[in-house]
Amino acid sequence: MKHLFIINPVARKIKGKVEKHIHTIETFFSDKHRGEFEIYVTRWSRDAIGFLHKYLENCEQTLRIHAYGGSGTHFEVASAIAGFSNVELALYPMGKHDSFLRYFGESNRHLFSSLEHQTTCGTMKVNFLSSASDSTMAHVTVGFEASCYQSGDVMAKKTGLPDGFCFKIASLRNLLTGTNINQKYKVELDGVTLDGYYTSLFISNTPRTATNIISADCTELTDNLLDLYITPSLTTAELIGLIFAYSSGDYDKFTDRIVHYQGHKVKISSEQAMCIAYEGELFYDDEVEVEISPQAINFVVPTERGSL
């Protein structure tokens, strides 16, 4: 097996420490002759996608890719390798949210930071959310919630304030300015029409999206289904209550205001530009189509015993 490390030099826990991380990896592999490895430091956003497309063209051996970065890096690497049976993916919590890894619980977070565990443990096949242009292992958000994520993220970077607090402030500000609230959408889930005026639409492969935020309570990585959560149009007062419960992780307090569906493919469009977030990556478009790719990623699951 060969190991390939993709390092994002501007990730929160890597910025200013790239050489230190490279030295740690090189020292680890030189000790006890742990096998062949290679390191690639990305140069700009989405650089990993193009690099891996070329890298994998002639790769026939088993390759374990180690993604050193946050949700954006995880998003790029997963997008490039989905469907490759000889490629395995190890994710490291080096960013702000690391959304996908939160599925495995905070108590296991240290295992995902361990080179020993990430190079020796086994894998499990997990689902993947794919679209024509972009893909993700965790979730896709459309509408008000997506715009609040973006605004809150910008505020957190500028001020250094807690993410949850910034999300609440950004949400309240977007409410006051009317940003992406109660937009009219055309929605089709496995051929069933669900058109309407909605506040947010959440397509999920994992339940937890940030430190406290839990958008779904029954989403699984291996059920071969995507979960669609639709928030119908709400009044300003209802939205304020929802925002504070949502960002505090009190999912049970607003289940009656969100409609849950399951399926394989969902198409969402609008006459207005839609705010769309693939984990932490924000886009604007008038249409998005997402489908579940069953067991498309060979995902490394570190355990205390060193094997599954």
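Modeller: Rings of Phe, Tyr and Trp (its six-membered ring) pair if their centres lie within 6.5 Å. With that cut-off, ring pairs join Phe5, Phe28, Phe29, Phe37, Tyr68 and Tyr92 into a cluster. Keep in mind that this is a predicted model.

Helix α1 covers residues 18–30, which makes 13 residues. From its first C-alpha to its last, α1 reaches 18 Å, close to the 18 Å expected at 1.5 Å a residue. The buried residues of α1 are Val18, His21, Ile22, Ile25, Phe28 and Phe29. They sit on the same side of α1, because they cover an arc of only 130 degrees around its axis. An α-helix has 3.6 residues a turn, so residues three or four places apart point the same way. Now turn to the other face of α1. The face turned away from the buried side carries the exposed residues Glu19, Lys20, His23 and Ser30.

What does the buried side of α1 touch? Its buried residues pack against β1, β2, β3 and α4 (115–120). Two of the cluster rings, Phe28 and Phe29, are among the buried residues of α1. Phe28 has a further neighbour. Arg34 lies over the face of the Phe28 ring, at 3.9 Å from the ring centre. Just after α1, Lys32 takes a positive phi of about 65 degrees.

Next comes helix α2, residues 47–55. The buried residues of α2 are Asp47, Ala48, Ile49, Phe51, Leu52 and Tyr55. They pack against β1 (2–7), β2 (36–41), β3 (63–69) and α3 (71–81). Compare the two partner lists. The buried residues of α1 pack against β1, β2 and β3, and those of α2 also pack against β1, β2 and β3. The helix partners are α4 for α1 and α3 for α2.

His74 lies in helix α3. His74 counts as buried, at 3% relative accessibility. Its C-alpha is separated by 9.7 Å from that of Ala48, 26 residues apart along the chain. Ala48 is one of the buried residues of α2.

The loop into α2 also deserves a glance. Arg46 lies in the loop between β2 and α2. Phi of Arg46 is near 70 degrees, a positive value in a residue other than glycine. Arg46 counts as partly exposed, at 31% relative accessibility.

Back to the rings. The structure holds 13 aromatic pairs. One of them links Tyr40 and Phe51. Their ring centres are 3.8 Å apart and their planes are at 5 degrees, so the pair is stacked. Why does this pair tie together separate parts of the chain? Tyr40 lies in strand β2 and Phe51 in helix α2, so the pair joins parts that are 11 residues apart in sequence. Both Tyr40 and Phe51 are buried.

Phe104 and Phe112 form a tilted aromatic pair. The centre-to-centre distance is 5.4 Å, with 50 degrees between the planes. Phe104 and Phe112 are both buried as well.

Now step back to the whole protein. The secondary structure comes to 7 helices and 14 strands. Of the 308 residues, 55% count as buried. Take the contacts with a separation of 6 or more: residues 24 or more positions apart account for 73% of them.

To recap the part you asked about: the cluster holds Phe5, Phe28, Phe29, Phe37, Tyr68 and Tyr92. Arg34 lies over the face of Phe28. The stacked pair of Tyr40 and Phe51 ties β2 to α2.

Note on methods:
Residues are numbered from 1 along each chain as its sequence is written. This is a predicted model: local features need pLDDT of at least 70, side-chain atom pairs count only at pLDDT 80 or more; totals for chains, interfaces and linings use all residues. Side-chain values use heavy atoms; hydrogens and water are left out. Buried means under 20% relative accessible area, exposed over 50%, partly exposed in between (1.4 Å probe, protein chains only). Helices (H or I, at least four residues) and strands (E, at least two) are DSSP runs, numbered from the N terminus. Contact means heavy atoms within 4.5 Å. The expected span of a helix is 1.5 Å times one less than its number of residues. The arc is that of the directions from the helix axis to the C-beta atoms. Rings of Phe, Tyr and Trp (its six-membered ring) pair if their centres lie within 6.5 Å; planes under 30 degrees apart count as stacked, over 60 as edge-to-face and the rest as tilted. A charge sits over a ring if NZ of Lys or CZ of Arg is within 6 Å of the ring centre and within 35 degrees of the ring normal.
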